[in-house]
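I set aside some time today to look through one model and jot down what I found. Here are my notes, in the order I took them.

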Amino acid sequence: MSWTFTKGLHDIGTGHYAYLQPDGTWGYSNAGLVVDGEQSLLVDTLFDERLTAEMLGTMKAAAGIGGAEITTLVNTHANGDHTYGNRLVTNAEIIASEASAKEMQEALPEMMAGFKKAAPNMGDAGKYFLEIFTPFDFEGIRLRAPTKTFSGRMNIKVGNKDVHLIEVGPAHTHGDVIVHVPRDRIVYTGDILFIDSTPIMWAGPVGNWIKACNMIIGFDVDVIVPGHGPITDKAGVARMRDYLVYINTEARKRFDAGMNVAEAANDIALRDYDSWIDAERIVVNVNTLYKEYKSDNSPTDIAALFGLMGKLKHDRAR
């Protein structure tokens, strides 16, 4: 089964839709919609309210779902490109993992708006921040927080459809959740999957993320909607899992050899993953892995990582 990676709403059958945003780079995430009867479940909102309003308008105009009110919104994790549009889904119950709900309060849209204003005075980190986030408008956004949280697993109904919410984090973030609809053989993964783009491991441990990929591969599913990139299948999941295994192996060698994060990120050959966008995210991945190796739970210097990512990207472009 083949799907085109074009912007907008894609009917993937049996009351399921994927809203895609090429090319899947920073901030351009995907969302999902599950419809049955007069009920529907939205999987994630977008990075700002302009983008989210456009998406919701497209969904309401789509044939056969105009009368289905969005009764439930699931945020797969805390990142703003999956949550900052929550306020526009006015009548829905918002469900997230307990860990994600807590993490959402640590990266509010007001903070992103503040960083954007301060970025011109933040050196390399600010330059890179503006390079990737200039298209998005965080001014005036007030996050609508989850109204219901859970840990582990939660089963809900959308019309007559059984929907399984499965917490697989900490991995990409502290509370990642995937949305599995077994009867329809579909899973929405949030940022547990980046297809044709480099995943970014803010939280770890890497073993949890690999385990989550293996869980999805073990499902009886035909269609897999990632958090970023084109709709995929199990082969796409395996490719991303293999990246995580590879980066973990290579980072460990350089950690044991005494290299620092920047040295290791520069030294690791990307090999089969060279064509994936946002390759500079390897900086964050190596940093998170190093912290795991050292059992280091101290706060991460995000500004420093943004500076290193920007430098690595520009160095490799020369």
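Predicted model: local features only at pLDDT ≥ 70, side-chain atom pairs only at ≥ 80, totals over all residues.

Which residues have the most contacts inside the largest nonpolar core? I looked up the core and found 80 residues in it, with Leu42, Phe133, Trp209, Ile282 and Phe306 having the most contacts inside it.

I then followed Trp209. Leaving out residues up to four places away in sequence, I listed its contacts as Ala171, His172, Asp191, Ile192, Phe194, Pro199, Ile200, Met201, Met240 and Leu244.

Next entry: a helix pair. I checked H4 (residues 123–133) against H9 (residues 302–317), and their axes come within 7 Å, crossing at roughly 75 degrees. An angle between 65 and 115 degrees counts as roughly perpendicular, so H4 is roughly perpendicular to H9. On the H4 side I found Phe129, Ile132 and Phe133 among the residues in contact, and on the H9 side Phe306, Met309 and His314 are among them. Sorting the residues of this contact, I got eight nonpolar, three polar and four charged.

Last, the sheet. I traced seven strands in an open sheet, ordered E1-E2-E3-E4-E5-E6-E7, with mixed pairing. E1 (8–13) and E7 (148–150) are the edge strands, and the twist averages 25 degrees from one strand to the next. E6 (residues 93–97) pairs with E7 in the parallel sense over three bridges, and I saw Ser97 opposite Phe150 in E7. Helix H1 (residues 49–61) packs on this sheet, and its direction makes about 150 degrees with that of E2.

Notes: Residues numbered from 1 in each chain as written. Heavy atoms only, no water. Axes fitted to C-alpha atoms, helices over the stretch in contact; angles between N-to-C directions. Helix = DSSP H or I, 4+ residues; strand = E, 2+ residues; numbered from the N terminus. Parallel < 35°, antiparallel > 145°, perpendicular 65-115°, else oblique. Contact = heavy atoms within 4.5 Å. Nonpolar A, V, L, I, M, F, W, Y, C, P; charged D, E, K, R; others polar. Core = buried A, V, L, I, M, F, W, Y, C linked by side-chain atoms within 4.5 Å. Buried < 20%, exposed > 50% of the residue type's maximum accessible area, 1.4 Å probe, protein only. Pairing = 2+ DSSP bridges.
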